[in-house]
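Reader: Hi! I'm new to this one, could you walk me through it?
Author: Happy to. Let's have a look together.

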Amino acid sequence: MKRFYTALFTCLALVVASSFILTTGATVKDDFWTDAAQSGMAEVQLSNLALQKTQSEAVRQFAQQMVTDHTAANNELMQLASSKNVTLPTTMDSKHQSIMTKLQGRSGADFDRDYMKAMVDDHEKAVKLFTEQSQKGTDTDAKAFAAKTLPTLQNHLQMARTVSATVSGSSGGGNRNSNSDMNMNSNMNMNSNRDTNSNRRSNGNTNSNRSNSNSNSNSNSNSNRR
């Protein structure tokens, strides 16, 4: 009887362990689909807002690139999910919706700065998500999609960091230009002084030569008279 119960408990433990492993795997897979869909959806909607509000050409070009690339990736993800009977979210999560609300109340340089910060943060998370899926994913198709999309996301992240640094540090450009102009004027003044001193030395030598020439001429004239 004791052996029977021992065998029964062992079987139950194996069933529970197997169920936990399968559930964990499904959760990881479902998290990728959900997170990827919500991230892509947010990129498009936040960037469409940027196209309406920004006055920066650099931000406008970045936002247009986000709309174009993420719309294509979102469509491909939806087709892939549909083929596997995976239901994707159709609205942004509360975090991205909060960012949207915040940006709607911003304008000018404040909007550009906060929008680009959101783009950097979101793409850092997206790159991490797609990197993990491309390396450790169990679904072959999802893994291939992640590997295919990852280089584009990495490029987006680099672009976002560059534009973010530009809009955040634009106020320092005037000082750099002012310093440059001061250096240029200083060099011009130094060159002007050098030319003036050179001309003075040249005039001095010329006058000296003229004086010597006149002296020699007078001396020769007196000698001839004698």
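**Helix packing and the core**

Author: Let's start with a pair of helices: helix 2 and helix 4 cross in a left-handed way. Keep in mind that this is a predicted model.

Reader: Which residues make the contact of helix 2 and helix 4?
Author: Helix 2 brings Val 59, Phe 62, Ala 63, Met 66 and His 70. From helix 4 come Asp 112, Tyr 115, Met 116, Met 119 and His 123. By class, that contact has seven nonpolar, two polar and one charged residue.

Reader: And what's the angle between helix 2 and helix 4?
Author: About 40 degrees, and their axes are 11 Å apart.

Reader: Okay, what about helix 3 and helix 4, at what angle do they cross?
Author: Roughly 165 degrees, with the axes coming within 10 Å. An angle over 145 counts as roughly antiparallel, so that is how helix 3 runs relative to helix 4.

Reader: Which residues of helix 3 meet helix 4?
Author: Lys 95, His 96, Ile 99, Lys 102 and Leu 103 do, and their partners in helix 4 include Tyr 115 and Lys 125. The contact divides into five nonpolar, one polar and five charged residues.

Reader: Switching topic: how many residues does the largest nonpolar core have?
Author: It has 41, and Phe 32, Phe 62 and Tyr 115 are among those with the most contacts inside it. Helix 1 gives the largest share, ten residues.

Reader: What does Phe 32 touch, leaving aside its neighbours within four places in sequence?
Author: Phe 32 is in contact with Leu 129, Phe 130, Gln 133, Ala 142, Phe 145 and Ala 146.

Methods
Residues numbered from 1 in each chain as written. Predicted model: local features only at pLDDT ≥ 70, side-chain atom pairs only at ≥ 80, totals over all residues. Heavy atoms only, no water. Axes fitted to C-alpha atoms, helices over the stretch in contact; angles between N-to-C directions. Helix = DSSP H or I, 4+ residues; strand = E, 2+ residues; numbered from the N terminus. Left-handed = near helix turned anticlockwise from the far one by under 90°. Contact = heavy atoms within 4.5 Å. Nonpolar A, V, L, I, M, F, W, Y, C, P; charged D, E, K, R; others polar. Core = buried A, V, L, I, M, F, W, Y, C linked by side-chain atoms within 4.5 Å. Buried < 20%, exposed > 50% of the residue type's maximum accessible area, 1.4 Å probe, protein only. Parallel < 35°, antiparallel > 145°, perpendicular 65-115°, else oblique.
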